[in-house]
Amino acid sequence: MDRLATEIESTLRVKQIEEWPVDENSSARSDAGGSAGAGGFDFQDRVAAWFAVAILASEAAAPVQDLWTGAVEQVACETGEPVDDCRVHTTDGITLALQAKRSITLGSTKTSELAKTVRQFVAQYLLPEHDDDRLVLVTTSEASGAVRNDLEQALRRLRNSPVGSDIAALQLNEKQVSAHKAFTTHVAREWEQQRGTAPSASELEGFLRQCYVWILDVELGGAAEVGALDRLRASVIAEAGQATAAWNILLSTCRQLAINHGEAGLEQLQESLTVSGVTLATLLNFRADVVRLTHVTDKSIEQLSSGLTTVPAPQRAVSISRSSASGLAERSLAESFLVVGGPGTGKTVILHEIASTARDAQRPVLFLQVGSLAATSAGNLQSELGLQHPLLDVLAQWSPGEAGLLVIDALDAARTDASSGLWRSIIKDVGRQLPHWRVVASIRTWDLSHSPQLRTAFPAAPAEVDDLDDEEVAQVSSIFPELGDLIDNSDDHQRHLLRNPFNLRLAAELLQDGVSPAGLAGVGSRLDLLSRYWQSRISEGQDGSAREALLAKLCANAVRERRLTVPAQQILSGDTAAAAVLQSLLSRSVLTSAPSIAGGPSRGPLQFAHHVLFDYAVALEHFEAFSGGLPECLQEDPDLLLFARPSIDMYLDMAWNQGPAMFCELVLQLSDPGMSPMAMTAAAEVMARNTRSTADLEPLLNATSNAIPAAQRLLQAAAIAVSLRIADPSLPGTGVWAAISERLSHHPAATLQALGELVRKLAPQYQALLPEHQRACGLAARRLMEYLWGQPPVSGARLAITAVIQTAASDPAATEALLRQAITPKQLSERGYHDLFALTDSIERLIDQVPGIVEDLYVAVLNHKETSSEATRMGSGAVLTLQSTRQQDFDSSKYSLVQSFPDVLRWNISVALSILSRLSLTERPVRYPRCMYGRQPRTNPLWSAGARTVGHSRRLPPGRTVQSMQHPITLLVREASQQGHDPA
C-alpha cells in the first residue's frame, strides 16, 4: 500500500509540475505580489492553498486567534478588488482581504511596497459595504522585524484597546511607535489622496482596527506548509501517503483560480482532489453522523438477513438466490434505478443483496426502510436518524468522491402526500447535487404506474422482480420436504400462488406450525393463506384474544398516525399484561422491531414482519372495529384512502368472497356521492380483477337497469377499469364483460356510459373472444347503435358504428340491415354529415364483413347533396377544437369513398361497374376541391397537413372551400386511373 501511495503521489506530482511548473528553488525574492513577481505569485498560491486545506478540513481546522472565527468556507484569488490577492469567507460571516508579500520592509517612501499595500487597504476600506473587511498583510519570516514584529504588535494593541484610546495608552515601545507612525503616515496620505480630505481621528482609528499583519511561513519546507500537510493527513485524505500529491494539486488549483479570477468552496476543492485520484476521508465534523448512518445500514441488513430474505425450514432458514438480482450491484455503480414488482415478489430481498454487495466492496451505503421511518420533512428525517447535519450534507461528506449508494426500500410505504413528497425530494436532490451517489429504490408496480414523478426521477429502465422460477423454488423444496410435497401435489393455480416469495414463506411458516400439506391443499388465494396464518399464529391457542386486541390497538395507532411503525410504549402504556403478549407476537415473527438509532423490543418502534401483513391486519382488525365496517370508517376518516389503499383492496376482496349480495351492498355504499371517488375506484378495480360471470354482478346489474345512480356510477367506473386492463393478461377473462355488456344493452338509457365504454373497448378484441362472447359483443354493439340513432347526434354514435362493423361477423345479416338505416334518404339528410364517415372510412372492412351494402352505400352517398352550411365541431376537446360545416363534413365522407374506389375495383369489378352505371343515371355533379380530381396533386403538402390536423388522411381539411364541380363518375374514374386501374 505504501509503494502504491508513493507511485500515485509521484505521478500526481509530475502531472502537477508539467501542467503548472513551479520553481521551488527560485532565487527571486521580490516584494511584489500578484502576477508582477514570480516569487510573490508563488507565495500567493501557497497562501490560497493553505486556506484551501482549512476549507477541506472544515471544523477540524482551528481559526487563527484574533484573525477570524468559525470555519473557512470559501477562498477567491485575484478578485479584482483593491486588495486582490486573496479573499476568504468564514462561516461566521467574516471576510478577510489578503495581500500576500513574501518579504516586505517598513518602507517610508510613496513607492515602497508598504505604501502600495496601504494604498490598496485604504481603497478596499472605502468601498461601499467593505468597511468590515479585515485587511490582512500576510507575509513570512523573511519580512523585516519592523513589519513582522513591531507593526504587528502596534496594530494588535490598538485592536485590543478601548475605542478612543490615544497612542500613549497603548504602551508601545520605541520601535512599535516608529512602525505605527510610518504606517499611519501612509494611511493619512492615501486617505486624503482618495477622499480629498484627511481622515478624522475616529476614521483613522476605525481603519487601523481593521488592519492585520500575519506571518504564514507556507514556503517550501516552512512551518505552515508542514502544518498544512499534517492537516491533510489528519482530517482530509484517507491515505496519508497522498498528502504531498494533494498539496501540489491544491497549489495548482489555486494558481488556476488566480488566472481565472475565480473562487472555490468545499465541493470544488474536493472535486479537484478526487478527479486526480486522491481518496478523501469523511470530514471530522461529519464522522459521527456517518457512524450513525452506517449503524442504521448494518442493523437493517442484519435484521433482514434473519427475516424477510429467508424462508424458514426445519433445519435452517433458506436464503433463495434470485436470478433477477444478478448484476444489479454492478449496475448501481453506473446509474440509479427502481426495483419494481408486485406485493411479496421479493423486492426487499433484491435490495438487501445489492446493499450487502456494495457494503462488502467498501462503498458508502445507506439502507433506509421507508416503512420504518415516520418523517414527513427533511428536518424530521434528520432528527429521526439522529443526525447533527442534514442528510444530503452527510452523504456529500461521506468519503467524498467515492461511489456512494442510497438504498430506499418500499417507496410504496410512504402513504401520505407529505411522506411520499419527502422521498421524491430526497431522490431528486441526490441525483442533482451528489453526482457520485446512486439511488436504488423499490416500489410496487401499481404505485409506480400511479406516480409520474417517480418515473421521471428514474429515467433508467426498472429492474423487474417477478415470482420465483422452478430452480428458485427448488432451492427451498429440496431442503423442506413437506413444502416440496405441498408444491408437487398442488394444481397449476396453487403452484402459481406459491411461486410468490411472500406466499411461499407463509406456507412454510404454517407447515412449521404443524399444519399438514393436506391441510393446505384447498388454499386458493393469498387471502386464504393469510387467514390460515392469522388463525395459526394469532387467534388460536392461549392468549389468542389478547394478541388480536394488541394488534388491533397497534393498527388503530398506525392508522391514526399515518405510519407503518408504532412506538412500543404506545402499545404497552396502561396495560401490565401487554408486555408478555407483545413478546409472544415478536417470537412468532408476526411483529418485529424496526431498525432505529436506539431502542429495542421494549421501547423501540414496532412494525409487522411484512407490509402485506400490516395491510391484512388493518383490513381485518381496524375496519371491522366499526359497526358499519369500511364505509363508516371512511366517512369518519375520508383521507384514510391513500394510506390504507392496499387494506381497502383486501377488505373488498374479502367481501367479494362472501358472495355477490354482500359485495354489491358494500360497494353501493362506497359509491354514494358523499364518499370519496377513490373508494368507488377501488371497488371498480376489484370488480375488474375478480369478475368471472354475470352472476358475480347480478345485484349490481339489476340496480343499474333500474337506473339507481350509485349503481350506474359504479358500473361506469368498472367499465373504465376494464378498458384500462383489457389487454392485461392478468384479467380473468375479457369474455365475461362481453356478456355483461349484452345484459346492459337491454336498458341502454340507464346503462349508456358503462355500455358505451365496454363496447368501444371490447369490439377491437372481437377475434380473441369465444363464439358465445362474440355473439354477445355484436348484439350489444347493435343495440347501442339502435339506441343512439334515436338520440341527437353525439360522437359516441360514430364509435358505435365502428364497433358494429368490427363485430359484424357475429350476425352479418343483422349488421347489414342495421347499417342500411344509415343510407336511407331521411337519415342521410338528418344525420349523414355526422355519422357517415365511420362507414365510408371502413370500405375494406365492409367488403370483408358486409359486402352487400357497399354498392348501395356508394350510390346513396355520392348521389346525396348536402347544402347546409351550419357550423359543426370537429373533436370534443375544449382546446384547439376545429370548426367545420355540415356540407364539408358530408363531403369528407364522399372523398373517403372516392379514395377507396380502387379497393372496390380490386375486390369485385362487377360491383364497381354497377356503381358507375347507377351513378351515370344521375345528372347531379358533385362538389369537390380541385385536389381531388387531378388539377392539384393528391400529395399536395397543404392538403396532407390539413388531413393530419383532423387525424385522418381521408377527411377534408377544415376550412377548405368548394372550388369546382365534377360528376361522380369522373371522380371515380380519375381516382381509379391514378391508382393504376383502367375502368374502361
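A: Arg820 has a relative accessible area of 26%, so it counts as partly exposed (buried is under 20% relative accessible area, exposed is over 50%, and partly exposed is in between, with a 1.4 Å probe and protein chains only). The model is predicted, so local features need pLDDT of at least 70 and side-chain atom pairs count only at pLDDT 80 or more, while totals for chains, interfaces and linings use all residues. Residues are numbered from 1 along each chain as its sequence is written, and side-chain values use heavy atoms, with hydrogens and water left out.

The side chain of Arg820 forms a salt bridge with that of Asp856, with N and O 2.6 Å apart (a salt bridge is a side-chain nitrogen of Lys or Arg within 4 Å of a carboxyl oxygen of Asp or Glu). This pair joins distant parts of the chain, as Arg820 sits in helix H38 (residues 812–820) and Asp856 in helix H41 (residues 854–863), 36 residues apart. Helices (H or I, at least four residues) and strands (E, at least two) are DSSP runs, numbered from the N terminus. Asp856 is also partly exposed, because its relative accessibility is 24%.

Other salt bridges can be set beside this pair. A search of the whole structure finds 46 salt bridges. One of them joins Arg906 to Asp903, whose closest N and O atoms are 2.3 Å apart. These two residues are 3 residues apart in helix H42 (residues 886–907), so about one helical turn separates them. Arg906 is exposed, because its relative accessible area is 51%, whereas Asp903 is buried at 14% relative accessibility.

Another salt bridge joins Arg102 and Asp42, at 3.5 Å from N to O. Here too distant parts of the chain are linked: Arg102 is in the loop between strand E3 (95–100) and helix H3 (113–126), and Asp42 is in helix H2 (residues 38–57), 60 residues apart. Both Arg102 and Asp42 are buried. They belong to a network of salt bridges that links Asp42, Arg46, Arg102, Glu219 and Glu225.

Ser235 lies in helix H7 (residues 223–236) and is buried, because its relative accessible area is 8%. Ser235 touches Ala57, Ala60, Thr282, Leu283 and Arg287, not counting residues up to four places away in sequence (contact means heavy atoms within 4.5 Å). Ser235 and Leu280 are 45 residues apart in sequence, and their C-alpha atoms are 8.9 Å apart in space. Asn285 is in the loop between helix H9 (266–274) and helix H10 (287–305). It is buried, with a relative accessible area of 12%. Leaving out residues up to four places away in sequence, Asn285 touches Ala57, Ser58, Glu59, Gln388 and His389. With Ser58, the side chain of Asn285 makes a side-chain polar contact at 3.4 Å. A polar contact is a pair of N or O atoms within 3.5 Å; within protein, one must be able to donate a hydrogen and the other to accept it, and residues adjacent in sequence count only if both atoms are side-chain atoms.

A helix can have two faces. In helix H18 (residues 470–477), Glu472, Val473 and Val476 are buried. Seen down the axis of H18, these buried residues fall within an arc of 100°, so they line one face of the helix (the arc is that of the directions from the helix axis to the C-beta atoms). The face turned away from the buried side of H18 carries the exposed residues Asp470 and Glu471. The buried residues of H18 pack against strand E7 (310–311), strand E8 (318–319), helix H19 (481–488) and helix H21 (501–512).

In helix H27 (residues 629–636), the buried residues are Gly629, Leu630, Pro631, Cys633 and Leu634. They pack against helix H26 (611–622), helix H28 (640–643), H29, H30 and helix H31 (677–690).

For the protein as a whole, there are 45 helices and 20 strands. Buried residues make up 53% of its 984 residues. Among contacts between residues at least 6 apart in sequence, 73% join residues at least 24 apart.
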